[in-house]
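Please look over the model below before reading on. The paragraphs after it go through a few of its parts in turn.

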Amino acid sequence: MSSASTPLAQPREAIGRTARVAAAPRLALLARSLPIVGWLVLAVLILFPGMGASRYLLYLGTLIALQAALATSLNLVMGYAGQFAMSHAAFYGFGAYASALLVSGAGVGFWISIPLTMLLAAVLAACIGYPALRYTGGVHLALITFAFGELARLLAANWHSVTGGPMGMRVLYSPEPLLGFSFATSRGLYWLATGMLLVSLLIVFLVQRSRFGRALVAVREDEVLAAFLGINVVAHKLAAYVMSSMMAAMIGTAYAPFMSFISPELLNAHQTISLIGVLILGGIGTLSGPIIGTLVFFGIPELLRVAQLYRLVILGAVIIVGVLFMPQGISGLIRQRLKRWTRDVGMATPEAVKR
Amino acid sequence: MWIDVAQTVFDGLMVGGLYATVAVGITLVFGIMGILNFAHGQMVMLGAYIAFFAVTAGFGFWAGLLLAMVAMGLFGLILERLIFRHTLTDHMTGLTVSLGIIMVVENLAAAVFTPDHRNFDPPLSGNVQVLGITLSAQRLLVLVLVMGLVGAFYLFLQKTSFGKAIRATGQNRTGAALVGVQITQITALVFVLGSAMAGAAGALYGSLFAITPYMASGPLMKGFILTVLGGLGSVPGVVLAGFLLGLAESFGSRYFSAAFNDGYGFILMIITLLFFPTGLFGVRGKARV
Amino acid sequence: MSSYHLVRVARLAALALAGFAVATPAGAEEVKIGMVNSLTGPHSSFDLPASEGAEMAFDELNKRGGITVKGKKYTFSVVSEDAQSKPEIAVSGAQRLLRDDDIKIVFGILTSGPGVPTATLLAKNDILYFGGFTLMDTLLGKPGFELAFRTLDADAIVAKSFVPVGVKQLGVKKVGILLPNEDVSRSIVAVYKPLLEQAGISVPMVEYFQPDTSDFGPVLRKFQNQEMDGLLTGTNDALVEAIVRQSTELGGLPKKFLYRGGSGAPGIKYAKQIDSFIWQILTRDLEHGDDPKVAEWVQRYKAFTHKDASPNTYWGLTFYDTVFMMAKAMEEVGSVTDVKAIAAKVKSMRYDGVRLMRYDNDGRANSDIDIGILKDGKISSVRASPE
């Protein structure tokens with residue numbers, strides 16, 4: 001053991017580093033285990049209302065689960081692919097109306113209506129997305145999806161004989177029992193909503209880890225470069241848009257029996273803007289971001305009963321400030337913190353610690 | 001029957017002119033700064049309220065119109081300086097920020113003004129006979145004013161040095177800088193002018209129709225449609241598209257179904273996009289990838 | 001302790017216990033009543049006064065000492081939720097009320113958007129519900145809605161008096177119908193058109209406009225120069241005000257208006273430019289009538305709410321009499337929790353309060369209303385009784 005290399009030349013700094021370094025492994029452990037902790041927390045959050053909670057908590061939980069699932073699905077196209085899909089709420093509403101019409105009008109079973117609705121949504125998204133995505137810059141997509149969203153809302157509000165017009169449509173059915181479980185009760189609907197949330201998370205998780213996901217990120221960062229690298233940019237953008245629209249439609253099918261009522265306001269562009277705000281708040285492009293954002297935006301005010309108007313003003317301010325100064329959102333902040341902690345561990349040498 | 005057609009034409013021109021007044025701001029801001037400013041519609045709404053308060057306070061419509069233009073011009077300047085200045089490099093950020101602005105402005109307005117419909121007495125009332133056609137006097141006034149505003153704006157762009165600088169910046173930012181155009185000044189000017197026009201449109205809207213905090217989405221959507229139809233960044237394109245749209249809506253509602261009024265615009269937009277992807281006067285061609 | 005002390009302690013204890021017994025309110029138990037109303041948002045002009053009327057009624061009942069059911073006294077406490085004029089928030093508010101198992105009776109909501117899902121939810125949970133919105137008519141009488149009441153007369157009943165009064169007072173011969181493209185409008189046309197035609201009026205045109213229209217030029221022009229002298233329109237003040245104003249601006253349009261709606265404001269504002277205007281006051285005309293019961297009620301309203309009467313105050317009578325009917329039913333049935341029995345009792349009652357109130361077997365109100373008339377610059381009203 002050589003003594004020449006010991007850093008005792010600067011005793012104060014060594015002590016400081018020793019102290020910090022001694023703490024660092026614990027924080028680092030925390031940092032590295034956070035994803036697992038995150039999943040555990042999520043599991044607890046999901047199980048809590050499901051286990052014998054009050055009817056109201058179940059209702060709240062279902063609402064939040066649906067919103068979180070929506071935010072997660074929007075994250076796929078906005079966060080990972082970097083595209084502005086302003087039609088997200090429209091597809092949500094489309095899912096609700098389409099499946100309601102299929103079930104009430106055509107006598108299709110609820111569970112079968114889900115893939116059917118998703119298929120219809122996929123076709124619709126492809127038709128809208130393809131002409132819009134051929135151009136770079138994203139503005140075309142934003143405009144066209146915004147226009148489509150408004151058109152869809154107008155249709156829902158005016159195609160009175162089919163959709164019931166501005167008064168909306170009453171939904172009288174409940175999902176049939178599946179695999180022996182009844183999904184018709186409020187508890188059952190809660191599990192349906194959380195199931196959809198988990199499915200959305202799973203899809204985004206898989207995409208994140210796949211080649212497709214990495215290509216999406218490349219497209220988001222620099223389209224021309226991505227094309228140069230051989231990635232079919234239009235196909236990737238389109239796929240992301242179609243997938244996230246399909247997911248939105250899927251979540252919409254759960255909304256109909258849950259609220260027993262659907263109205264054209266579901267398709268409002270303002271709902272999409274709220275979702276974007278939630279994403280930015282929680283952290284775009286991360287798995288936990290949408291969930292954190294939804295909990296903060298919906299959960300807390302709902303419990304505090306803050307007036308809707310002021311909530312939206314604050315969300316708007318959050319969007320402005322967040323996008324300018326904190327583009328990574330809450331989740332991103334946490335992540336930066338974690339990185340710092342894990343980085344500290346690397347600095348320490350075993351000899352210094354022993355001292 | 002011809003009288004009816006004439007009245008429908010006149011109405012379509014008026015409505016289209018109003019849309020165009022809103023849209024020139026959007027298309028110009030997009031052309032110069034690459035930002036799609038979703039919050040533009042809020043200027044229309046605020047302009048309407050300013051005119052409303054001016055009239056009910058006794059200052060009269062003309063003062064209200066002027067005040068709306070000045071106030072919105074200032075508001076546009078503030079927005080540009082404080083917020084949009086920072087998003088010049090990242091257009092998507094600019095779009096997102098404008099979404100945030102919508103939420104703040106609209107909901108604050110709803111909280112402060114309450115959602116009740118407001119109306120104020122327009123400067124002219126009743127109807128007049130022009131060439132045997134009965135026309136609403138106020139609508140006629142609005143048409144004249146709108147033509148005046150848009151015409152003046154167009155002349156400004158064509159004839160003045162500021163206007164030429166704006167057009168130069170729209171065509172090629174670097175080139176314009178090279179010949180000595182103060183880009184920062186120009187972008188601020190564009191915002192101010194566009195917002196002032198929107199404010200004027202708002203005051204004019206308010207003189208005819210009900211004012212609510214949520215009235216922005218209609219003009220905004222029409223503005224976007226015109227921007228796409230006319231070609232992103234093209235002012236003459238937007239004006240022409242505006243009149244076309246106004247006529248389409250007017251005739252569609254009059255002779256077909258009035259229940260689907262807004263739909264005609266969308267159909268027009270979709271058809272145009274299919275056959276003229278860069279709009280009628282497409283100036284900016286984007287790289288096809 | 002000595003026996004003297006024991007006795008003293010025992011006496012004190014007895015006194016304490018007795019004091020306890022006296023201190024406990026051997027009197028009133030509470031009946032919790034739930035309310036869901038749009039206290040904010042565009043629908044608040046209807047719901048807010050309605051909620052005030054209901055609360056006033058409960059307050060008056062409590063001041064009398066409450067009701068006596070089977071020898072026990074009961075007072076009322078009200079739990080209020082804001083529907084914010086949105087269906088989702090209304091449902092959310094109703095859900096919160098349902099959290100409390102003690103709430104078995106709910107009042108509120110006069111607009112169909114928030115009303116339909118709320119009424120559906122409450123019916124699913126066997127709540128005795130008193131609402132007022134138009135589309136409730138389509139729910140009443142259906143299985144599952146036996147505990148639901150609509151406190152406002154249905155169009156079918158109102159029109160029976162509204163049309164003859166309108167025809168007589170306005171003197172119209174040819175009437176066009178202009179309504180927003182909604183469910184409610186379809187049912188309005190189905191009721192009013194036949195009645196108009198039966199009264200000898202021709203109805204050459206029925207047009208629907210996009211519900212959020214602000215520019216009525218194109219659709220009004222369809223009615224121009226057709227020699228129509230009357231226009232039946234609705235369904236809210238903002239729309240009708242715009243319609244009246246723009247029709248005076250465009251010219252060549254009818255100058256007599258029949259408003260299927262609750263306020264004379266749209267017509268009164270443009271009184272100089274139109275001929276006449278007639279509207280439906282679904283409770284009582286508070287300003288121009290000479291009914292002493294009404295005048296008294298307005299005084300009590302002002303005292304209770306510390307507000308002045310406004311054109312919307314008459315909605316306050318929506319639930320007022322019904323609250324007293326419900327209280328009386330509770331006393332006669334002998335229960336504050338047996339909602340089925342209470343509902344049945346209310347349906348069999350004839351109550352003479354500020355208005356003469358009755359409900360049929362489906363829970364539909366059959367009560368007298370006032371019809372407001374603006375003619376020759378003068379405002380008056382006429383009572384219409386269903387009996």
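The model is predicted. Begin with chain A, which contains 15 helices and 2 strands. Of the 355 residues in chain A, 50% are buried. Now consider which parts of the chain meet each other. Among the contacts in chain A with a separation of 6 or more, 78% are between residues 24 or more positions apart.

Next comes the place where chain A touches chain C. Here 18 residues of chain A are in contact with 22 residues of chain C. On the chain A side, two helices, α2 (55-80) and α5 (139-158), each supply at least two residues. The largest share of that side comes from α2(A), with 3 residues. Sorted by class, the side of chain A that touches chain C has 9 polar, 7 nonpolar and 2 charged residues.

Finally, turn to chain C and its helix α4, which covers residues 112-124. This helix has 13 residues and reaches 18 Å from its first C-alpha to its last, close to the 18 Å expected at 1.5 Å a residue. Is α4(C) largely enclosed by the rest of the structure, or largely open? Because 11 of its 13 residues are buried, α4(C) is largely enclosed. A residue counts as buried if 20 or more other C-beta atoms lie within 10 Å of its own. The buried residues of α4(C) include Ser112(C), Gly113(C) and Pro114(C), and also Leu121(C) and Leu122(C). After α4(C) comes Asp126(C), which has a positive phi, near 55 degrees.

Methods. Residues are numbered from 1 along each chain as its sequence is written. Chains are lettered from A and ligands numbered from 1 in the order in which they are written. This is a predicted model: local features need pLDDT of at least 70, side-chain atom pairs count only at pLDDT 80 or more; totals for chains, interfaces and linings use all residues. Helices (H or I, at least four residues) and strands (E, at least two) are DSSP runs, numbered from the N terminus. The expected span of a helix is 1.5 Å times one less than its number of residues. A residue is buried if 20 or more other C-beta atoms lie within 10 Å of its own, exposed if 12 or fewer, and partly exposed in between; C-beta atoms are placed from the backbone. Two residues are in contact if their C-beta atoms, placed from the backbone, lie within 7 Å. Ala, Val, Leu, Ile, Met, Phe, Trp, Tyr, Cys and Pro count as nonpolar, Asp, Glu, Lys and Arg as charged, and the others, Gly among them, as polar.
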